[in-house]
Amino acid sequence: MRDPAGNNNPQLATDMLIARMGQEISQSPEPSRPLNTMLANGVLLALAVAIVVVLFLARPRADLVSVWTSWAVQFKVFGMLLLIGGGIRMLWAASIPGVAIKPALALLPAVLFLAAGAAFDSTGFPMLGTHALAVPACVGTILAAALAPMWILLTTLRRGIPTDLRRAGAVAGMLAGALAALAYTLACVNDGAGFVGLWYSFAIAVTGALGAFIGPKALAW
Amino acid sequence: MEARENRWTMAMRAGRLGVCADYERFLHEFSASLRRIIHHQLNHLGLSAAETEDVVQEVLIAVHSRRAQWDDRRPLIPWLNAITRYKIVDTARKLGRDARRHIHLTDEEWSNLCDQDVWQENSHPEDIERLVSQLSAGQQAVVQAICFQGDTPREAAHRLGMSEGAVRVAFHRSLKQLKKLMDVAGEKS
């Protein structure tokens, strides 16, 4: 970056750099490149991949068509959609320097909805599921289905300008988890709001933590 | 601050239309304020003027290469500040990690550093003095305290009003810089 002449006056080298940048400006001016399309494509791709992985790891539930409109399933779907909405907003903020969104605000609707559903759950569905493998299967499938989407979302973030890498990674992880959980509703037969509120949230918290951990390494530029 | 935001915003917009004079003026003003910020934020690392300039250039390159991604409906200076902060933290992390490997030496090992390496290859004290005088003022003070006056890092820290950690970092960087200067001097002779 420093030429020999700049050794005694480093600012000379910077002046030359600025002159080169000015040249670039006049030779090939770049119009603005908005972010939103790129983000939307990334999220949609991540969801598609999550669905594919879920269908690969677990069959769609046999009664899917008949229970789709039931309160139990709609609760899961709507809860995850609220989380995804907040996550998308945070992903957008994480890719723009100087914009920060309070996570509490973005996630509050989802948290309130899931908590209320869990508190008023009258189905009597057991919190640990109906068989021994219910929790590991649920959490495990969501985690597995979130990995590739997390990678896709991190790649999407890199095309923006992330400046708080740990937060950006956490958001990517959390959103990947929520997308995977949404996909998992196709296969999930645990229809208790308490079960869903607890274990889906747990899985998403884990993916968020994983994202926060790898964020600084994966997003550095 | 409003005037500066307006001026720089118009310069960025002008840049998008291929007008380079305003854009270059903005970059010059921006780099001047960057120098002040970096000097202030990374003071504890004892950066030389050249190293400070390296960081300035990194920020300029970051801003310039991503200029198309600035949404011109949003304020520019917070955008610049966030990028600046990221690059400063990133630099501090890299330089700190570099230096941290070398600062866990005993006091005796520190004074041994003065005997070997840089000094052994040079049998003329005037040459050493000349090289040391090419360091930055802060680095000169640290080298004089530890090597010429025989201070331990703690004593040097007390004498110079710095933290012990800062003294160790600055001393390590001084040795690196002196080696570089010696190489340059060796090539010339």
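## Close-up views of a two-chain predicted model

**View 1. Chain B is built from helices.** From the N terminus on, the elements of chain B run α-α-α-α-α-α-α-α-α. That comes to 9 helices and 0 strands, where helices (H or I, at least four residues) and strands (E, at least two) are DSSP runs, numbered from the N terminus. This is a predicted model, so to speak of local features takes pLDDT of at least 70 and side-chain atom pairs count only at pLDDT 80 or more, while totals for chains, interfaces and linings use all residues. Residues are numbered from 1 along each chain as its sequence is written, chains are lettered from A and ligands numbered from 1 in the order in which they are written, and side-chain values use heavy atoms, with hydrogens and water left out. Of the 189 residues of chain B, 47% count as buried (under 20% relative accessible area; exposed is over 50%, partly exposed in between; 1.4 Å probe, protein chains only). Take the contacts (heavy atoms within 4.5 Å) in chain B between residues at least 6 apart in sequence: 63% of them join residues at least 24 apart.

**View 2. Here chain B meets chain A.** On the chain B side 34 residues are in contact with 37 residues of chain A. The area buried between the two chains is about 3,200 Å², and carbon and sulfur atoms give 61% of it. Buried area here is the accessible area (1.4 Å probe) that two parts lose on being put together, summed over both. In chain B, Gln57(B), Gln69(B) and Tyr86(B) lose the most area to chain A, together 20% of what that side buries.

**View 3. Ala68(B) sits in a loop and touches chain A.** The loop in question runs between α3 (49–65) and α4 of chain B. Ala68(B) counts as buried because its relative accessibility is 2%. Setting aside neighbours within four places in sequence, Ala68(B) is in contact with Glu30(A), Pro31(A), Ser32(A) and Arg33(A), and also with Arg16(B). His44(B) is 24 residues away along the chain, and its C-alpha atom is 34 Å from that of Ala68(B).

**View 4. Trp79(B) and Met12(B) are in contact.** Leaving out neighbours within four places in sequence, Trp79(B) has Ile96(A), Pro97(A) and Ile161(A) among its contacts, along with Met12(B), Val63(B), Arg66(B), Arg67(B), Gln69(B) and Trp70(B). Met12(B) belongs to helix α1 (residues 2–16) of chain B and, at 3% relative accessibility, counts as buried. Asp72(B) is 60 residues from Met12(B) along the chain, but their C-alpha atoms are separated by 8.6 Å.

**View 5. Arg173(B) is a buried arginine.** Look for Arg173(B) in helix α9 (residues 164–188) of chain B. Its relative accessible area is 5%, so Arg173(B) is buried. Beyond neighbours within four places in sequence, Arg173(B) is in contact with Leu45(B), Gly46(B), Leu47(B), Glu51(B), Leu95(B) and Gln139(B).

**View 6. The second largest pocket is lined by helices of both chains.** Its volume is about 390 Å³. A pocket is an open set of points on a 1 Å grid over the protein atoms alone where a 1.4 Å probe fits, with protein on both sides within 12 Å along at least five of seven lines; lining residues have an atom within 4 Å of a point. Grid points are joined across faces, edges and corners, and a volume is the space filled by probe spheres set on the points. There are 24 lining residues, and Thr163(A), Asp164(A), Leu165(A), Arg167(A) and Ala168(A) are the closest to the centre. Helix α4(B) gives the most to the lining, with 6 residues.
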